[in-house]
Amino acid sequence: MKLGVLSADRPLVWMLPLVAMLVAFTIIPLIYNIWLSFHEYAPFRRRLEYVGFENWRMLFSDSRMWEALGTTMFYFTVVLLVELVLGMAIALLLDAEEFGFGFLRSILTLTLVVPPAIVGMMYLLIEDAEFGVLTYVLEIFGILDKTTPILATGSLALWGVMLADIWQWTPFMVLIFLAGLRSLPSEPYEAAMLDGASAFMTFRRITLPLLSKVIAVATLIRGIDIFRMFDYVFVMTSGGPGTATYTLSLYSWQQTFSFIKWGYGATLSLFTLVIILVIANLFIALAKVRW
Amino acid sequence: MATVRFQGVGKSFGSIKVLKDLSLSITDGEFVVLLGASGCGKTTLLRMTAGLETISEGEIAIDGGVVNDVHPRDRNIAMVFQNYALYPTMKVRDNIGFGLEAAKKPPGEVKAKVEEAARILNITEFLDRKPAELSGGQRQRVAMGRAMVRDAKVFLFDEPLSNLDAKLRAHMRVEIRQLHNRLGATTIYVTHDQIEAMTMADKIVLMQDGSIVQVGTPDDLYDRPNCRFVAEFIGTPAINCLTGEIVWDGETTHFSGAGMKFLLTPEYKIHAGKSVTCGIRPNDVTQASGGPIHGKLLIVEKTGADLQFHLSSDDGSEFVAVAPRSTPGTAGDNMSFSVDPLKVHVFDQASGKRIDV
């Protein structure tokens, strides 16, 4: 049979659908976004007008942007660290052939199939000041009382949002780490046992270095995701109380769709993209991730 | 330095019994080789000694103390694994020193011991490399170095040479034996290679289907195999086994079978009429025209040092004879060999046990 243009030595034809999708959904929106960042919507004239670097100048002098960036960085650091440490700890616990562990490992995926907005709603209820179960438990232990509702208290709201993120995504870390742990060879562990190494020494000197690539990839994937976090704050706090839980994503959403500042919103999202690219590439270089 | 004692040791994986009521004593400083075909349980026995497998029955004692319930890290055992089991992310230096570090030895002492071991094993130049950057033989040395630096009571080797090429294997055999002579440590060495066992062991423990078949020095097993299995397992080329019966003609005792008839020592007279298997090692025959062992030459193999003649006797039984290079013979010739009656091993045909007189 003659394949003509579809023969294997004409790879471009085969790549075309993917390239077309990439162009339509990534490249064009990105270029449009860049173009948009040099324009702004003029509501009275009902059109986009060229403003030069005005949006970029505004970005760096916008105190709310810096506050949102600070909130995002804080959220990013805490959530990533907790998910990493907790994920590793649970993975180590579940990496055994005990009765029921197979079941436990399989239900781990459950939190991942729930849409984040729904998880946000769940935690909105869990942390509710009147009938939330978490508030109830914290009250019993005398840690909190009804006069300090978690999501409506400036110093607590972000922690309340973090809880939802950690609950939903720690199992993702567990699954990745478990897959890594289960693929490790058993011999070095047997050798370490005979060498007299303690469990902690074995973990620190053998498991961690062997898993470093897995940890790096998990950190990268989750890190990027956490930095862009939008759903939880949108559903749970809408950035409040005050501006306590405004992340960069939520702030750009607000500028774009509430204030109809399309140009400034585009500038904010581009800025977010640049920060993620810088952090991710720094990390890739430092952690020596290769694929 | 230590003694090791196995008393009624058994091991089951589920309903499958892989080791059955095994008893053995190893004296201080002895080099014992556990020899047997794949699946005979030798590695399982070694891993039970190390504590990497639980003991289903019986007890294992090191230096008199039963270790059944002692954690591997507290047994003071050093082991060289078949696949070396090096720590892949550590440099050779850290691989060797890991055990000392675990024992919280001061860094200076660790460094000195690691360098001393590296010097003995000739791997000093590789100390700062990772295992992946080493050849099989070098990895093998690192694994040995790791065992060496610890003042372990017992050294265990699990088929350590099976991944090396023939030349390196021969070389490492000598090195391991030299290492043992230098350290004088009690050593248990597992292999399926009878040449390794013969060349290295003070004592060979030959195993079959989870049981010990014979324990003895390499010479014991070669010269006085207690059953046909041992006779066939030890020695290359393999021993010739001829089936027939013992005949006493009123004056001399003979073996008669496989189309041949040759003399046995007179003491076998009392077994006249018994169905037996006679084992004759290929190296124990000499070419002699008109000799009692004869057949048609099928093929001649040259090993360099000598020739191996593969014969087919009148009834079709095969027979291998080793002879000097100068021995003439081409395929199709009829050849004859003689054998010293003292070199003939006689086994009961039904049980396979050696018949001693």
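1. Two residues are taken to be in contact if their C-beta atoms, placed from the backbone, lie within 7 Å. With that cut-off, residues 24 or more positions apart account for 65% of the contacts in chain B that have a separation of 6 or more. The coordinates are those of a predicted model, and the values below should be read with that in mind.

2. On the overall build of chain B, the secondary structure comes to 8 helices and 20 strands, while the C-alpha trace spans about 80 × 45 × 35 Å along its principal axes. Of the 357 residues in chain B, 41% are buried.

3. The domain assignment divides chain B into domain 1, covering 4-227, and domain 2, covering 233-348, and the C-alpha centres of these two domains of chain B lie 39 Å apart. Their contact takes 8 residues from domain 1 of chain B and 6 residues from domain 2 of chain B.

4. On the side of domain 1 of chain B that touches domain 2 of chain B, the elements giving two or more residues are α6 (194-200) and α7 (218-223) of chain B, and α6(B) gives the most, with 3 residues. By residue class, this side of domain 1 of chain B divides into 7 nonpolar, 1 polar and no charged residues.

5. Turning to the contact between the chains, 13 residues come from chain A and 17 residues from chain B. On the side of chain A that touches chain B, α9 (187-194) and α10 (199-227) of chain A each supply at least two residues, with α9(A) giving the most, namely 6 residues. The residues on this side of chain A divide into 9 nonpolar, 1 polar and 3 charged.

6. Which residues of α9(A) are buried? They are Pro188(A), Ala191(A), Ala192(A), Met193(A) and Leu194(A). The cover over these buried residues of α9(A) includes α10 of chain A, and it also includes α1 (42-50) and β6 (77-80) of chain B, so that elements from both chains are among those that cover them. As background to the spacing of such positions, an α-helix has 3.6 residues a turn, so residues three or four places apart point the same way.

7. A last point concerns the backbone after α9(A), where the helix is followed by Gly196(A), whose phi is positive, near 85°.

Key. Residues are numbered from 1 along each chain as its sequence is written. Chains are lettered from A and ligands numbered from 1 in the order in which they are written. This is a predicted model: local features need pLDDT of at least 70, side-chain atom pairs count only at pLDDT 80 or more; totals for chains, interfaces and linings use all residues. Domain bounds come from an automatic or database domain assignment. Helices (H or I, at least four residues) and strands (E, at least two) are DSSP runs, numbered from the N terminus. Ala, Val, Leu, Ile, Met, Phe, Trp, Tyr, Cys and Pro count as nonpolar, Asp, Glu, Lys and Arg as charged, and the others, Gly among them, as polar. A residue is buried if 20 or more other C-beta atoms lie within 10 Å of its own, exposed if 12 or fewer, and partly exposed in between; C-beta atoms are placed from the backbone.
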